[in-house]
Amino acid sequence: MKLIVVSSILTLFRTADVAYGSGIIRGSGSVLIGSDADDAAMERKLEVSNLFADNSRNNGQGVQPKRDITLTMSASQAEFAAAEPVAISITVKNNDSATSARILNWINPCNGAGDTTLSTPVDMSFFDVKTSGGQRALYLGALIKRKEPTDKDYKTLKAGEQISCTINLDKYFQFTAPSSEDEYEISYAVTSMQLSDPFKMQGNSAVESLATDALNLKINARVNNPSRSLRDQYMRGLQTGSTTFNKCTTAQQGLLREARKQASAESTHAVSNITSISLWGNTTNCARHNKWFDPYDTNRLSELKPGYEAVSARLNDASILFDCGCKQNYYAYVYPSKPYRIYLCNVFWGAPMFGTDSKMGTLIHEMSHFTVAAGTDDYAYGQTACQSLAASNPQNAVNNADSHEYFAENTPKLNCTPY
Ligand SMILES: [Zn+2]
């Protein structure tokens, strides 16, 4: 039997050759591929390699490895035929024998693994899946806008406790690379301020990271290649700016039309601010920008600007389908790979039209997630955490959906003028 095991323990690596830009920090990929006779020796070597040693390379940005949890991924085979589920075994373990440890349910792969009915959206975006040539596999799962986490949103593992599950990654990622390029590198990578605790201003505000080395798997292109239909969806989405509904009451339809109109207008204002900043070459007089994206940086602005322009343009011209069938206690969610369907959930209907965490702002948040718009992620939820993210890790802030939302909502109001 061939066995491939990657054990990442804490895994905060910050190597010179790894771009920090994604906010995802990875090791160089120690992978065990060997005969049974070799396994034990190689596994030992794997588990001790670079983990703690590499932590010394964490040289700033306020990112700390999450030390109490060990997350292990493994596959029972090195190659998956087109018809085989890409089954990955996950173990999440509290490696402290005396103290309990907590992990945010939302980024715990085993939290969502049990739901095979798809009656609720499942977020598996913390897996990083790409070919060895660097092509990222299209993510098919959901990204969810939630309220800030509270203690209820954490799984507590007792001292030494572990939980295990199996994830079929082909449900969440599109494996369609041709056979010449179907060697994939699959890792788990999360950087968040809310990994172990709800963010508290007076508490521990360190950004934490939990990431594994890469599993190296050969995955044959799936038979039911959905890329064609996705491409068709993109085309349809880009043609006209219609607004359609699924399972929405008449009252909800009215609210959504208004929210889209306002989101379109406010995102246009946001873009004009960003355009001004790029002309000025500084943000000295744009407190609005600095609060959510931190001081001026040419490289970051060159990411923020086209992304925000796309958000604004698609709110104007895309065919958006609003789906009101969700009864979860979220604001909303989308599948970033499936523009432009936006699912609205219970919290959304109680939100105001304008201001912080409003209906208008939620649509900007969700639109920013679509891969064909800004392709943002959810590094931090809530104003307090996002403000802190801007200061501690502005690179993640320009890729964070709530930061886009708060910049547009601009509540309380901050100026952005050259004078
Ligand atoms: Zn989101």
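**Ground rules.** I am working on a predicted model, where local features need pLDDT of at least 70, side-chain atom pairs count only at pLDDT 80 or more, and totals for chains, interfaces and linings use all residues. Residues are numbered from 1 along each chain as its sequence is written.

**Sheet.** I looked up an open sheet of 5 strands. Its order is β8-β16-β17-β15-β14, with mixed pairing. I find β8 (143-145) and β14 (243-246) at the edges; each has a single partner strand, so one side of each is left without a neighbour in the sheet. From one strand to the next, the twist averages 25°. Angles here run from 0 to 180 degrees between N-to-C directions, and axes are lines fitted to C-alpha atoms, for helices over the stretch in contact. Strands (E, at least two residues) and helices (H or I, at least four) are DSSP runs, numbered from the N terminus. Two strands pair if DSSP finds at least two bridges between them.

I then checked one pair. β15 (residues 320-323) and β17 (residues 341-344) run in the parallel sense over 3 bridges. D323 stands opposite Y343 in β17.

**A101.** I located A101 in strand β6 (residues 101-104). A101 is buried, with 23 other C-beta atoms within 10 Å. My cut-offs: buried means 20 or more other C-beta atoms within 10 Å of the residue's own, exposed means 12 or fewer, and partly exposed lies in between, with C-beta atoms placed from the backbone. Leaving out residues up to four places away in sequence, A101 touches D68, I69, N94, D96 and L157. Contact means C-beta atoms, placed from the backbone, within 7 Å. A101 and Y154 are 53 residues apart in sequence, yet 9.6 Å apart in space, C-alpha to C-alpha.

**Helix α10.** In α10 (residues 383-392) I list Q383, A385, C386, S388, L389 and A390 as buried. These buried residues pack against α6 (287-293), α11 (394-397) and α12 (401-409).

Most residues other than glycine have a negative phi, and most peptide bonds are trans. I looked up the exceptions below.

- The peptide bond from P339 to Y340 is cis, with omega near -10°. Y340 sits in the loop between β16 (332-334) and β17.
- T411 and P412 are joined by a cis peptide bond, omega about -5°. P412 belongs to the segment after α12.
- K247 has a positive phi, near 60°. K247 lies in the loop between β14 and α5 (250-280). K247 is exposed, with 12 other C-beta atoms within 10 Å.
- D357 has a positive phi, near 55°. I place D357 in the loop between α8 (346-350) and α9 (359-369). D357 counts as buried, with 23 C-beta neighbours inside 10 Å.

Notes. Two residues are in contact if their C-beta atoms, placed from the backbone, lie within 7 Å.
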